[in-house]
Amino acid sequence: MTRIAAVHGALAPHRRTQSEITDMVARTCLPEGTDRRVLDRLHRSAKVGSRHMTLPLERYEELDGFGASNDVFIAAATDLGAKAVRGALHAADLSTSDVDLLIFTSVTGIATPSIDARLVGRLGLRPDVKRLPLFGLGCAGGAAGLSRMHDYLLGRPDQVAVLLSVELCSLTFQRDDSSMANLVATGLFGDGAAAVVAYGADRSERPDETVGPTIVDSRSHLYPDTGRVMGWDVKNTGFQVVLDPQVPDVVRRYLADDVEGFLGDHGIKPKDVTAWVCHPGGPKVLHAVTEALDLPADALDMTWRHLADVGNLSSSSVLHVLRDTLAERRPPPGTPGLLLAMGPGFACELVLLRW
């Protein structure tokens, strides 16, 4: 099995309260003189207290077009990604020369050479390190990245892999766009990164009790006729969010069968799971997950706290929740856990853990 050695999170430098961000969105997204009560209600209902932003708030009003936003993404993602990877390797007591595979996932900017390539020289990774940049997985990217890391290490159990997620969601906010989808997104998403270090079964860097869980298995499910539920429309101004109100309904329709079938294949029932590491897709989605899986009232407390503290960090969020679970609420050794996230496609990614 794949062993998770360390998880490290990093946040963008400018922390702002939800009300400060709402004021910025009102200035940049709403036509002059528009009643902002709908915006205020949407941002309050997100249950987010504060978020971290890549730029000072006044800079968002100055960004002019996709190119300018993406240039900021490349520079900031490289800086924040380097910080996350260094922190994870330090926590795992490994050096950059130990890394055999670097996986990078993001859905909030593009770069060629990719961000992972730019980090090789900056971090001092080996020039023969394998790289796997992933784009388009959205909020499911952290879970999917863990799954692909596990697939790789099953075939190369003597190696070390790093998964890096960087999501600078604020750079995708659309100026002069008062659509419901954009107003919802501007109230929910924040900026951050996370890195996970893992190694294969033939390596034993430290005693098992000092590191994270093992990855037992993973499963993906792409749901039919849901291509316009979530994603981007690529415009001259950048990534315009596609966010359908039916997302919670899709969760209620499909998630229970997915989870119960996946766990059942390993002889596990949902009641046996000692930690639910869930992506914070927003209040309505979290209520739908709790309802669909018939979870105890406190099962997603760590996820709710993350949402309130920093908002939804897209693919990075579920990795932050995993980090906090390890640090603050580590389950009993040997018990099963489930990490889950959903994203564009519309798709679900499940990762079975053993603590």
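User: How many aromatic pairs does the structure hold?
Analyst: This predicted model holds five aromatic pairs.

User: What makes Tyr223 and Tyr254 a stacked pair?
Analyst: Ring centres must lie within 6.5 Å, and planes under 30 degrees apart count as stacked. Tyr223 and Tyr254 are 4.3 Å apart, centre to centre, with 10° between the planes. The pair is therefore stacked.

User: Why is this pair said to tie parts together?
Analyst: Tyr223 lies in the loop between strand 8 and strand 9, and Tyr254 in helix 8. Those parts are 31 residues apart in sequence, so the pair ties them together. Tyr223 and Tyr254 are both buried.

User: Why is the pair of Tyr223 and Phe346 called tilted?
Analyst: Stacked needs under 30 degrees, edge-to-face over 60, and the rest are tilted. The planes of Tyr223 and Phe346 stand at 35°, so the pair is tilted. The ring centres are 6.3 Å apart, and the limit is 6.5 Å. This pair links distant parts of the chain, 123 residues apart. Phe346 sits in the loop between strand 12 and strand 13.

User: How do you know that helix 11 is largely enclosed by the rest of the structure?
Analyst: Buried means under 20% relative accessible area. Nine of the twelve residues of helix 11 are buried, so the helix is largely enclosed. Among them are Val318, Leu319 and His320.

User: How do you know that the span of helix 11 agrees with what it should be?
Analyst: At 1.5 Å a residue, its twelve residues should span 16 Å. The end C-alpha atoms are 16 Å apart, which agrees.

User: What makes strand 11 and strand 12 a pair?
Analyst: Pairing needs at least two bridges. Strand 11 and strand 12 have four, in the parallel sense. In one of them, Ala275 is partnered by Gly337 of strand 12.

Terms used. Residues numbered from 1 in each chain as written. Predicted model: local features only at pLDDT ≥ 70, side-chain atom pairs only at ≥ 80, totals over all residues. Heavy atoms only, no water. Helix = DSSP H or I, 4+ residues; strand = E, 2+ residues; numbered from the N terminus. Expected span 1.5 Å × (residues − 1). Buried < 20%, exposed > 50% of the residue type's maximum accessible area, 1.4 Å probe, protein only. Phe/Tyr/Trp six-rings, centres within 6.5 Å; stacked < 30°, edge-to-face > 60°.
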